[in-house]
Amino acid sequence: PVIENKAMNYPNYGRLTPLMRSKARELAQSAGYREGMKDDAFVQEAAEGMAYNLWAMYQMSNDAPKGQRTAMPIVTHGGFIESLLQKALVREHKNGKEFGFGDVNDIGGFFKPAESFRIQVTRTGTKEEVTCTFTDPERQKLFVGDKLSLDWNRIQELAEQYEERLKAKK
C-alpha cells in the first residue's frame with residue numbers, strides 16, 4: 001500500500017499505460033528498498049530469515065537420493081535476497097575472493113518480480129561444490145569469468161541468529 005500510494009503521487013499516474021504504471025511502482029519500490037538497505041538492523045534481520053529457510057533446504061538436500069536433482073525454491077520479496085547476498089555472497093575472480101557487496105548496484109540493483117538466483121549444490125563422494133548464478137542474463141553479465149557461491153558457514157550463523165531472535169520474542 002505504501003508503494004502504491006507513493007506511485008499514485010506520480011504526476012498523471014492515472015493517465016499512464018499499465019506498463020508505465022508498473023514502472024512507476026517499481027521505481028517507488030526501489031526507493032523504499034534502497035532506504036531499507038541503509039538500515040543495518042533491516043539487512044541483518046532480512047538476511048537471517050532468508051538464511052534460516054535456505055539452511056533448512058540445504059539440510060534437506062542432504063537426504064536427496066544420489067543423482068537426483070532437487071529444486072527447492074524460496075519465494076520472497078525485494079530487499080530480502082539482496083540482504084542475504086550482502087551478508088553471504090562469495091565472488092571468486094582473478095584477483096581473489098570478495099564477500100558480499102558494497103551497494104546493491106554492484107549486483108545489478110534490486111531483483112525484479114519473478115527474477116531468481118539459482119544455487120546448485122553438486123556432491124561427489126565427500127566433495128561438495130556450490131555454484132550460484134543469476135537467472136537475469138543482464139545481471140549475470142556483471143559476473144562473467146567469476147565463480148559465485150555462498151559462504152555456508154555464514155548462512156548457518158545467520159540461521160542460528162534467526163532462531164535465537166525468535167526464542168527471545170517468545
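Arg 154 sits in helix α6, where helices (H or I, at least four residues) and strands (E, at least two) are DSSP runs numbered from the N terminus. This is a predicted model, in which local features need pLDDT of at least 70 and side-chain atom pairs count only at pLDDT 80 or more, while totals for chains, interfaces and linings use all residues. Residues are numbered from 1 along each chain as its sequence is written, and side-chain values use heavy atoms, leaving out hydrogens and water.

Is Arg 154 buried or exposed? Buried, at a relative accessible area of 18% (buried is under 20%, exposed over 50%, partly exposed in between, with a 1.4 Å probe and protein chains only). Leaving aside residues up to four places away in sequence, Arg 154 touches Gln 44, Lys 87, Ala 88 and Gln 161, contact being heavy atoms within 4.5 Å.

Now for the helix pair. α4 (residues 80-88) packs against α6 (residues 152-169) at about 125°, with axes 9 Å apart; axes are lines fitted to C-alpha atoms over the stretch in contact, and angles run from 0 to 180 degrees between N-to-C directions. The contact residues are these:

| Helix | Contact residues |
|---|---|
| α4 | Leu 84, Lys 87, Ala 88 |
| α6 | Arg 154, Ile 155, Leu 158 |

As for the strands, β1 (residues 89-93) and β2 (residues 96-99) pair antiparallel over 4 bridges; pairing takes at least two DSSP bridges. They form a hairpin with 2 residues between them, and Glu 92 has Lys 97 in β2 as its bridge partner.
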